[in-house]
Each structure stands twice: as C-alpha cells, then as structure tokens.
Amino acid sequence: MVQKIKLEFPDGKKKEFKFGITGLDVAKSIGPRLAKDALALKVNGKTLELDVPIEENAKIKILTWDSIDGKKALWHTAAHILNEAVQTIFPNALPTIGPPIENGFYFDFDVDTPFTPADLKKIEEKMKDIIAKKVVIKRKVVSKKEGLKLFVKNKYKKELIEEFSKDKKNLTVYFTGKFFDLCKGGHVNDTSKIKAVKLLKTGGAYWKGSEKNKMLQRIYGLAFPQQKELDEFL
C-alpha cells in the first residue's frame, strides 16, 4: 500500500498526496503556471527547495516571487553564486556567511585587501557566467565529522559547525557545481531561475558583528527572476 500524507494549503484546504512527493510535483498538480513560477516551498514554516521530498503531514505554501519568502529563496541562491564567483577569481578568499536580507543578499569574506569597484564588476560578470550554465543546487546531509572535514581549511565554517552541532545531529551542505557551503537551506532548484543580478556595494563588517573579531569584506547584491525588474530598479 502506498503511504499517504495530508498537506494543508494557505487557504485551509487539505489534500492527500503520496509520501515523498516534492514541492514541484505539488505545484504541477495545481497548475502549469504555478509550477513555472514556483521558486521554493514552505513546509511547516521552513523554506525548502522544490525537489526536497515531503515525508510528513504538513502545512505548505508554494513560494513565488510575489512573496518575501520566495524572493529570499532566490536571493539566498544568488549569495551562493556570489561565493562561487569570488572563490573562482580570488582563490585565497575565505567565505564566512551569506544570507538573504530584507532587500537582497550579502556575503562576507576574509580577504587580504578590500574589494574594489573593478573587482565587483569582475565578480558580477562571473556570476552571470555561472547563472547561464543552469547549475543545479544540490543538498547533502552530513555529520559534524564530515562537515569539519569538508571545511578543514576554513576556521569560520568550523566555528559555525561546532555551534550548530550542539543542537543538531546532522548538518546540511549545498553544492553549486564543485563549490559548496554550509547552509540550512531555502534556495531555488537551479541557477536558471535567476535572470538578472547586480552587485551594489562593498564594505567592512566584523565577524558575527563584534568589533572584537576580525574585519571582513561584505558584498551586497540583488537578483531578479526577470531582467526587466532589474532595469526598473536601476
């Protein structure tokens, strides 16, 4: 017998689906337009990728660009792409954290010298190259030991792993091509969902916001699912 789960939608309606169904398949069952516009999925208040299987009864919401959570899923993915672009151009840069924020995203790096406007231009072009390749975002669950091995050369990530592992048995790592980052998740499935990106500025930021810690270099950016929206913003 195929196991069933019951999903509740924002309007209060409930429907049964097969155990392990993905958010994308739920969106397809509602309609092709929603499946096309879907960016991520909210399950019991947690934002997940559309390809993550749903294995419990849950309240769900298909996230699109019309919602702040949908925007943040796109921006969160763009932050990972920014990380990859910086590491490609500046191999010695140590990535720290890169979250979505209220209006866009940022990523902090430990680098020897501050980024220049010319650097930002190069990084932005590299991001566009990565986006054009339609790289699939892959999620992997790892143990603390595996995580420490993956980030053996990054003291910031190791510090975060030690903190996170106090409350969690396992951690999640997300891959964009050969690049990877420690992350709780909440992204779009692949880079093709991003149609336009713009790096706005760079500046200093202390690790964990404390002046007792090292000054890092922060890059701010925005990303959009349509080029016309970036044009309007500019």
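How many cavities of 30 Å³ or more does the count come to in this structure? Before I answer, please note that the model before you is predicted.

The count comes to one cavity of 30 Å³ or more. Rolling a probe the size of a water molecule over the atoms shows where empty space is left. The largest cavity holds about 30 Å³ of space.

The lining of the largest cavity consists of H80, N83, Y174, T176, F179, F180 and D181. By type, these residues divide into three nonpolar, three polar and one charged. Helix 3, residues 68-89, strand 12, residues 170-176, and strand 13, residues 179-182, each contribute at least two residues to that lining. Strand 13 gives the most, with three residues.

How do strand 12 and strand 13 pair, parallel or antiparallel? They pair in the antiparallel sense, over four bridges. Y174 stands opposite D181 of strand 13, and both residues also belong to the lining of the largest cavity. The two strands form a hairpin with two residues between them, where G177 takes a positive phi near 65°.

Two or more lining residues come from each of strand 5 (46-48), helix 3, strand 11 (137-143), helix 6 (155-164), strand 12 and strand 13. Helix 3 has the largest share, with five residues. The pocket lining divides into eleven nonpolar, ten polar and eight charged residues.

Strand 5 leads us to the next topic, the sheet. Strands of a sheet pair through backbone hydrogen bonds, either parallel or antiparallel. Here, five strands form an open sheet with mixed pairing, in the order 2-1-7-4-5. Strand 2, residues 14-18, and strand 5 are the edge strands, each pairing on one side only. From one strand to the next, the twist averages 40°.

Within this sheet, strand 4, residues 40-43, and strand 7, residues 58-63, pair in the antiparallel sense over four bridges. In this pair, K42 stands opposite K61 of strand 7. Helix 1, residues 23-30, packs on the sheet and touches strand 1 (4-8), strand 2, strand 4 and strand 7. The direction of helix 1 makes about 75° with that of strand 7.

To close, I return to helix 3, strand 12 and strand 13: each supplies at least two residues to the lining of the largest cavity, and each gives two or more to that of the largest pocket.

Technical notes: Residues numbered from 1 in each chain as written. Predicted model: local features only at pLDDT ≥ 70, side-chain atom pairs only at ≥ 80, totals over all residues. Heavy atoms only, no water. 1 Å grid on protein atoms, 1.4 Å probe; cavity = no way out; pocket = protein on both sides within 12 Å on 5 of 7 lines; lining within 4 Å. Points joined across faces, edges and corners; volume = space filled by probe spheres on them. Nonpolar A, V, L, I, M, F, W, Y, C, P; charged D, E, K, R; others polar. Pairing = 2+ DSSP bridges. Axes fitted to C-alpha atoms, helices over the stretch in contact; angles between N-to-C directions. Contact = heavy atoms within 4.5 Å.
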